Amino acid sequence: LEILVTILNENDNDPQFEQSNLTRVVREDTEVNATIVAREDLSATDADLDIIYYELTATVQGTDGYFAIKGVNNPEIYLKKALDYDKFQLTTLLLYARDRPVTSPDPTNTATATITIIIEQADTRAPWFLPCAFLHNDTSVCISSPYSGTVNISKMAVEPLILRPGPIYAIDPDYTINEKIVYSIVGGNTDEVFSVDADTGNITMNKIVTSPDSFLLQVMAAQVNNVRKYSIATVEIKVINESLRPPHFEKGLYNGTVSVGLAPRSFVFQAGDPSTPLMIAAVDEDFPDV
């Protein structure tokens, strides 16, 4: 008697990842669709020789949609959306390997691999002049105000000019890289009256100014390692007459009268002359026409 026995394979083994924990460092400027983790590093095996089905999820809030797998049977992880270091610097992905499709009613065995993604800041932005304000709460764009200052006509300033809202200063907004910034005047410097210190940004005078014309300088802040990463700030320098004497009031004492019950913003009149509003005036001998 010949008996033929067929042994049926029971689905009693979990899929196995060769590495259940992986870490990858990804540059912020990595191109979309670039491979982050290769297929061979993530492929699971199954002793039951079942087809493996994969699913990828992100566990860190706000990092969904940046990484994906090539297909339900291909666990290669690629970059799906451009990264922004300001939005997040780290995320954790969970890769599930199942021996049945997600929708299968049959019992399913599952393995999980954890992939830690560390975002490395890249040199993507030009210098920012400070102080500056973010544009519509977007921390990737910071808008600075023009600088302004004054010099006296026919007088040489020996110290760096005092500017508003502060001294010229620029930073590399890619702060983990923090490339060195150098400064130069690229426009508006008629007759080379001014110089800028390449390292500090301080503006000094090379010669006196004999006319009341103003200057509108253009100062460039550029990265030493890449001059194509630069920003331009405007600096308005007004030429004024030197002020040697303080202003003073024409009179030491002013007298006025008001009536009880007057409405707010009503005139105060000169004492003894109820038809003439009280006027307080100051003069400055340095500026007689003002």
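## Ser 154 and the loop between β13 and β14

In this predicted model, Ser 154 is placed in the loop that runs between β13 and β14. Although Ser 154 is not a glycine, its phi is positive, at about 60°. Most residues other than glycine have a negative phi, and most peptide bonds are trans. The relative accessibility of Ser 154 is 47%, so this residue counts as partly exposed, given that the exposed class requires a value over 50%.

The loop between β13 (147–152) and β14 (170–171) also holds Pro 165. The peptide bond that joins Arg 164 and Pro 165 is cis, with an omega of about 5°.

## Asp 191 and the loop between β15 and β16

A positive phi of about 60° also occurs at Asp 191, which is likewise not a glycine. Asp 191 sits in the loop between β15 (181–187) and β16 (194–196). With a relative accessibility of 54%, Asp 191 counts as exposed, because a value over 50% places a residue in that class.

## The cis bond at Pro 131

Where in the chain does Pro 131 lie? Pro 131 belongs to the loop between β10 (128–129) and β11 (132–135). The peptide bond leading from Leu 130 into Pro 131 is cis, and its omega is near 0°.

## The disulfide between Cys 132 and Cys 142

How many disulfides does a search of the whole structure find? The search returns 1 disulfide, and the residues it joins are Cys 132 and Cys 142, with a distance of 2.0 Å from S to S. Cys 132 belongs to strand β11, while Cys 142 belongs to strand β12 (residues 138–144), so the pair ties together parts that are 10 residues apart in sequence. The torsion about the S-S bond of Cys 132 and Cys 142 is about 95°, and the disulfide is therefore right-handed.

Are the two cysteines of this pair buried or partly exposed? Cys 132 has a relative accessibility of 25% and so counts as partly exposed, whereas Cys 142, at 12%, counts as buried. The two cysteines fall into separate classes because the buried class is limited to values under 20%, with Cys 132 at 25% and Cys 142 at 12%.

How values were computed: Residues numbered from 1 in each chain as written. Predicted model: local features only at pLDDT ≥ 70, side-chain atom pairs only at ≥ 80, totals over all residues. Heavy atoms only, no water. Helix = DSSP H or I, 4+ residues; strand = E, 2+ residues; numbered from the N terminus. Buried < 20%, exposed > 50% of the residue type's maximum accessible area, 1.4 Å probe, protein only. Disulfide = S-S within 2.5 Å.
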